[in-house]
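Dear colleague,

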Amino acid sequence: MIEQSFDAAKSFGQALLLWDRYFLSVPALERLNTCHLASETRMHLVTKAKSNVVAYQRPPAKKAGTGPTAEKRPDGQM
């Protein structure tokens with residue numbers, strides 16, 4: 001679907017693609033990015049994100065050796 005839309009956009013020079021949220025996926029966005037890198041033609045995508053989409057940010061890396069030692073813990077367990 002992305003390739004067909006991109007081929008149509010080539011004949012116009014630019015295009016605006018309106019998508020239902022059902023079609024929005026990571027592979028589709030990656031394919032759109034690949035098409036943009038391979039050509040000077042631009043296709044803009046307008047869609048609404050799914051309501052079940054959640055964005056996560058990776059937690060910062062923990063430093064080795066942080067946390068209370070066995071002597072400082074009230075229960076004395078490791």
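Helices (H or I, at least four residues) and strands (E, at least two) are DSSP runs, numbered from the N terminus. The model is predicted, and for that reason local features need pLDDT of at least 70 and side-chain atom pairs count only at pLDDT 80 or more, while totals for chains, interfaces and linings use all residues. Residues are numbered from 1 along each chain as its sequence is written, and side-chain values use heavy atoms, with hydrogens and water left out.

Overall arrangement

The protein has two helices and two strands, and along the sequence they follow the pattern α-β-α-β. Helix α1 (residues 2–12) is followed by G13, whose phi is positive, near 95 degrees. Strand β1 (residues 14–18) pairs with strand β2 (residues 42–46) in the parallel sense, over five bridges; two strands are said to pair if DSSP finds at least two bridges between them. The chain crosses from β1 through helix α2 (residues 26–38) to β2, and this β-α-β crossover is right-handed. That is to say, with the strands pointing away from the viewer, the path from the first strand over the helix to the second runs clockwise. Within the pair of strands, Q14 stands opposite R42 in β2, and A15 stands opposite M43 in β2.

Of the 78 residues of the protein, 17% count as buried. Here buried means under 20% relative accessible area, exposed over 50%, and partly exposed in between (1.4 Å probe, protein chains only). Among the contacts in the protein with a separation of 6 or more, residues 24 or more positions apart account for 75%; contact means heavy atoms within 4.5 Å.

Helix α1

In α1, the residues I2, S5, F6 and A9 are buried. They lie on the same side of α1, because they cover an arc of only 100 degrees around the axis; the arc is that of the directions from the helix axis to the C-beta atoms. An α-helix has 3.6 residues a turn, so residues three or four places apart point the same way. The exposed residues Q4 and S11 are carried on the face of α1 turned away from its buried side. What covers the buried residues of α1 includes β1, α2 and β2.

Leaving aside neighbours within four places in sequence, S5 is in contact with L17 and M43. A polar atom of the side chain of S5 lies 2.9 Å from the backbone oxygen of M1. A polar contact is a pair of N or O atoms within 3.5 Å; within protein, one must be able to donate a hydrogen and the other to accept it, and residues adjacent in sequence count only if both atoms are side-chain atoms.

E3, also in helix α1, is partly exposed, with a relative accessible area of 36%. The side chains of E3 and R31 are joined by a polar contact of 2.3 Å. These two residues, E3 and R31, are 28 residues apart in sequence and 8.1 Å apart in space, C-alpha to C-alpha.

Helix α2

From its first C-alpha to its last, α2 reaches 18 Å with 13 residues, close to the 18 Å expected at 1.5 Å a residue; the expected span is 1.5 Å times one less than the number of residues. The buried residues of α2 are A28, L32, C35 and H36. Because they cover an arc of only 100 degrees around the axis, they are on the same side of α2. They pack against α1 and β2. On the face of α2 turned away from its buried side are the exposed residues V26, P27, E30, L37 and A38.

Which residues does H36 contact, leaving aside its neighbours within four places in sequence? They are F6, T41, R42 and M43. H36 has its place in helix α2 and counts as buried, because its relative accessibility is 18%. A polar atom of the side chain of H36 lies 3.1 Å from the backbone nitrogen of M43.

With kind regards
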